[in-house]
Amino acid sequence: MKSSHSSLFLMELIISILFFSIAGAACIQLFVKAHVLGQKTREQNQAVIWSQNLSSLWLACDDHATSQERISFLYRQLTQDYGRDDGSIQTETAGDGVYLTLFFDKDWQLCTDRGIAYRIVFSDFGYDTDSRLLCAEISCIKEETPFYSLPLVHHPAAERGSLYE
C-alpha cells in the first residue's frame with residue numbers, strides 16, 4: 001500500500017516538473033521576443049531621430065543651392081556639431097546625386113572603420129525640372145539591409161519678378 005502512494009506521489013511530482021518546464025520555456029521565449037522587439041524599436045527610434053535632424057538641416061539650406069552645396073552644408077553642420085572630422089561622416093558624388101554617409105557603432109555613436117553597425121545614407125538628387133521639386137532620400141542601413149527610409153521632397157519658393165516688388 002505504501003509503495004502505491006509513493007509511486008503516485010512520484011508521478012505527480014514528474015507531471016508538475018514537466019508542466020513548470022514547459023511554462024518556463026514559454027516564458028523564456030516571451031522574454032527573448034520582447035528583447036528583440038525592444039532592440040528593433042531602439043533602432044527605429046534612432047533612425048527616425050537622425051532622419052528628422054538631417055531633413056531639418058536639408059530644409060534649412062538655400063533653395064537655390066546645388067546638391068553639392070547642400071551636402072557640403074550638411075557635412076559642415078554635422079562635423080561642427082559633433083566635432084568629428086575623422087571619417088565617420090563622408091561625402092561622395094555619383095551620376096544620380098550627391099551622398100552623405102554617417103557611420104555608427106552598435107550604440108549609435110559616430111565611428112570610423114571598426115565597429116560599424118549602422119549607416120545612414122543621405123542622397124540628394126537635386127532639382128527635378130519636370131516636377132519643380134528638390135528631391136532627396138535618407139536610408140538607414142544595418143548590415144547591408146535597409147530598415148528605414150525617408151523620401152524628402154521640397155517645393156522651393158518661386159522667384160518673383162519686378163512685377164511683385
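**Strand pairing and the nonpolar core**

Ser 123 has its bridge partner in β4, namely Glu 137. The structure is a predicted model, so local features are reported only at pLDDT of at least 70 and side-chain atom pairs only at pLDDT 80 or more, while totals for chains, interfaces and linings take in all residues. Numbering starts from 1 along each chain as its sequence is written, and side-chain values rest on heavy atoms, with hydrogens and water left out.

Helices (H or I, at least four residues) and strands (E, at least two) are DSSP runs numbered from the N terminus, and two strands count as paired if DSSP finds at least two bridges between them. β3 and β4 run antiparallel and are joined by 10 bridges. Four residues separate the two strands of this hairpin, and Arg 132 in the turn shows a positive phi of about 60°. β4 also runs antiparallel to β5 (residues 145-154), with nine bridges joining them; here Cys 135 finds its bridge partner, Val 153, in β5.

Turning to the core, the largest nonpolar one (buried Ala, Val, Leu, Ile, Met, Phe, Trp, Tyr and Cys residues joined through side-chain atoms within 4.5 Å; buried means under 20% relative accessible area with a 1.4 Å probe, protein chains only) has 23 residues. Leu 54, Leu 78, Leu 100, Leu 102, Phe 104, Ile 120 and Phe 122 touch the most other members. Two or more residues come from each of α1 (2-60), α2 (67-82), β2 (97-104), β3 (118-128) and β4 (133-142), and α1 gives the largest share, five residues. Leaving aside residues up to four places away in sequence, Phe 104 touches, among others, Trp 50, Leu 110, Tyr 118 and Ile 120, contact being heavy atoms within 4.5 Å.

Definitions and conventions: Buried means under 20% relative accessible area, exposed over 50%, partly exposed in between (1.4 Å probe, protein chains only).
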